[in-house]
Amino acid sequence: MIDDRPVLLETRGRSLHITLNRPRAINALTHTMVRLIDEALTAAERDGTVTSVVLTGAGERGLCAGGDIRALHDDTRAGGRASLDFWRDEYRLNARIARFPMPYVALMDGIVMGGGVGVSAHGSLRIVTERSRVAMPETVIGFAPDVGGTHLLAAAPGELGTHLALTGRAVGAADALLCGLADHYVPARRLPELTEALAASVTAEEVARTVRGFAEEPSTAEPGELAAQRDWIDACYATDSVEEIVRRLEDTVASASASTAHAAADVVAELGERSPLALKVTLAAVRRAARLGSLEAVLDQEFRVSARIREEPDFVEGVRARIIDKDGSPRWKPATLAEVDDSTVARFFAPLGPDEPELGLAPGATATGTA
């Protein structure tokens, strides 16, 4: 009999296994799943025999493709507030995972995107495989990176995080390691063996040592791309203006070697397909995240951005074009970067006001803003 519960829990030796169990949806997160994961973490803390948590995804396609975008789209389109309630609990869970007092081992096998990054890449031991495809693809649907994604991307070397935030590109194991989105590479075929070994690991030190014992260098058959592209990416993205980024990319297309020019041209084309509003808000969010420092402060900021961006038409339109109708032709409003001014972007980061409580995770945060 198939177990259709959205989150499965199983204690194996000293490990509590949390399995996201919506394989047909690549384990996309629902509000119920967020709550169940949170309850499982509480249970693990109270169980004196559990010394580690292991997060996996059911099926062969991936750990988690993100939040349940269709549900968020439908709620936003109807003017509901279920999406706000979902984000509030989801972001709190992201912060909890980052501060969890025992090893939290995330097996980031296959597709790991959006909300999937939130429940894995804040863990203490993050494992990728040759099948991993890790991304924060929110600009593709007229949204901005959340779930602490701007915190992670702002900490990536040079401007690699800015590049991934704006384009929404997925990266493989080597690039995920380079960008600080993962800690270790383990071949997918060895994951069952690893989980069995974790079951016998008693202390945090033993858990970490067990993971290191299985870790390898990523396969030379699937090398990363970003290290070799670092020079032109850093040069093009080292500015606080999306228009200037595009201009520098276009100059690179005109003056660089054939391979670099081709790579830069691909980025120009991708950015041209993204929501101009989402691009400008995302760039500002990444820059602000770098200054904020703590994950909690960044999550507070991302909640403001998410609450505000749902008021704009681009999120609903982006989901329609990319996921529902799949015509690939979103009609963005505003349609150009020039139409998105600084005051419009600044509004996304202002306190929400008395009608919508702040997330309030950072020390000193209040119901109406950050002190």
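How much space lies in the largest pocket? About 690 Å³. The model is predicted.

## Largest pocket

The lining of the largest pocket comprises 28 residues. Closest to the centre are Ala-65, Gly-66, Gly-67, Ile-69 and Ile-323. Four elements are listed as giving two or more residues each: helix 2 (69-77), helix 3 (82-98), strand 6 (111-113) and helix 15 (313-324).

By class, this lining holds 17 nonpolar, four polar and seven charged residues.

## Second largest pocket

The second largest pocket has a volume of about 400 Å³. Its lining has 21 residues, and Thr-56, Gly-57, Leu-107, Leu-191 and Thr-195 lie nearest the centre. Strand 1, strand 2, strand 3, strand 4 (62-64) and helix 8 each give two or more residues to the lining. Strand 1 gives the most, with four.

## The hairpin of strands 1 and 2

Strand 1 (residues 7-12) and strand 2 (residues 15-20) run antiparallel, joined by six bridges. Two residues separate the strands, and Gly-13 in the turn has a positive phi of about 60°.

## Helix 9

Helix 9 (residues 204-214) buries Val-207, Ala-208, Thr-210, Val-211 and Phe-214. These residues lie on the same side of the helix because they cover an arc of only 155° around its axis. Exposed Glu-205 and Gly-213 sit on the face turned away from the buried side.

The cover over the buried residues includes strand 3 (52-57), strand 5 (104-108), strand 7 (125-128), strand 9 (184-185) and helix 8 (191-199).

Methods. Residues numbered from 1 in each chain as written. Predicted model: local features only at pLDDT ≥ 70, side-chain atom pairs only at ≥ 80, totals over all residues. Heavy atoms only, no water. Pairing = 2+ DSSP bridges. Buried < 20%, exposed > 50% of the residue type's maximum accessible area, 1.4 Å probe, protein only. Arc of directions from axis to C-beta. Contact = heavy atoms within 4.5 Å. 1 Å grid on protein atoms, 1.4 Å probe; cavity = no way out; pocket = protein on both sides within 12 Å on 5 of 7 lines; lining within 4 Å. Points joined across faces, edges and corners; volume = space filled by probe spheres on them. Nonpolar A, V, L, I, M, F, W, Y, C, P; charged D, E, K, R; others polar.
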